[in-house]
Amino acid sequence: MISDVFYRKFVRTGRIAWCSFLFLCAASAFAYAQERFTYTLSMCDPVSYQVSETPEKGREDLSLSWGGRVWAFANEGNREAFKHDPEVYAPLFQGCDALSLAQGYRAEGLAKIYLVYNQRLLLFQSREHRALFLTAPDILLAKAQSRARDVKCGPYQ
């Protein structure tokens with residue numbers, strides 16, 4: 001009788017543990033899939049920031065993985081240009097807000113609030129940050145570059 005009770009509890013605990021394990025595996029796989037297919041720049045073509053007046057939406061079938069991120073492109077030419085020299089087209093500071101970096105903290109920039117300065121793409125978290133950056137861009141850019149690694153907005157990996 002005692003062994004029957006023990007056996008039933010053992011089986012029930014085993015089932016719970018097995019279900020928990022399966023749930024964790026499924027949740028991890030789902031999280032990996034979500035992270036893997038998140039496009040950089042809200043799926044805007046990084047090359048289009050420099051070659052057209054407004055950023056163009058990229059296409060899923062014209063994507064490329066670089067620097068630990070997935071990039072989408074509007075056309076084959078832009079994808080090839082990026083493939084040959086990604087450092088030219090990728091946003092500085094991994095897309096972190098340039099003004100925030102100059103002030104010593106990390107904030108994500110938005111794909112729609114940007115500036116191409118000295119042929120490099122900079123992102124900002126607000127239009128106010130962009131306007132403030134433009135008051136002294138060279139000084140603020142130098143400060144942002146010196147602080148980028150400290151707040152993990154350094155070069156792409």
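**Group meeting: salt bridges and cores**

Hi everyone, let me begin at the surface: Asp 61 is exposed, with a relative accessible area of 54%. Do keep in mind that this is a predicted model.

Asp 61 has a charged partner, Arg 59, and their closest N and O atoms are 2.8 Å apart, a salt bridge. Arg 59 itself is partly exposed, at 40% relative accessible area.

How many salt bridges does a search of the whole structure find? It finds 4. Another of them joins Glu 108 and Arg 106, again with 2.8 Å between the closest N and O atoms. Glu 108 is partly exposed at 44% relative accessibility, and Arg 106 is partly exposed at 39%.

Is Arg 79 buried or exposed? Arg 79 is buried, at 16% relative accessible area, while Glu 76 is partly exposed at 43%.

Now, on to the inside. The largest nonpolar core has 19 residues, and Phe 93, Leu 101, Phe 124 and Cys 153 are among those with the most contacts inside it. At least two residues each come from α5, β3, β4 and α7, and α5 gives the most, with 4. Take Leu 101: leaving out residues up to four places away in sequence, its contacts include Phe 93, Ala 144, Val 151 and Cys 153, as well as Lys 143 and Arg 147.

Finally, a second, separate core has 16 residues, including Cys 44, Leu 62, Phe 73 and Leu 123.

How values were computed:
Residues are numbered from 1 along each chain as its sequence is written. This is a predicted model: local features need pLDDT of at least 70, side-chain atom pairs count only at pLDDT 80 or more; totals for chains, interfaces and linings use all residues. Side-chain values use heavy atoms; hydrogens and water are left out. A nonpolar core is a set of buried Ala, Val, Leu, Ile, Met, Phe, Trp, Tyr and Cys residues joined through side-chain atoms within 4.5 Å. Buried means under 20% relative accessible area, exposed over 50%, partly exposed in between (1.4 Å probe, protein chains only). Contact means heavy atoms within 4.5 Å. A salt bridge is a side-chain nitrogen of Lys or Arg within 4 Å of a carboxyl oxygen of Asp or Glu.
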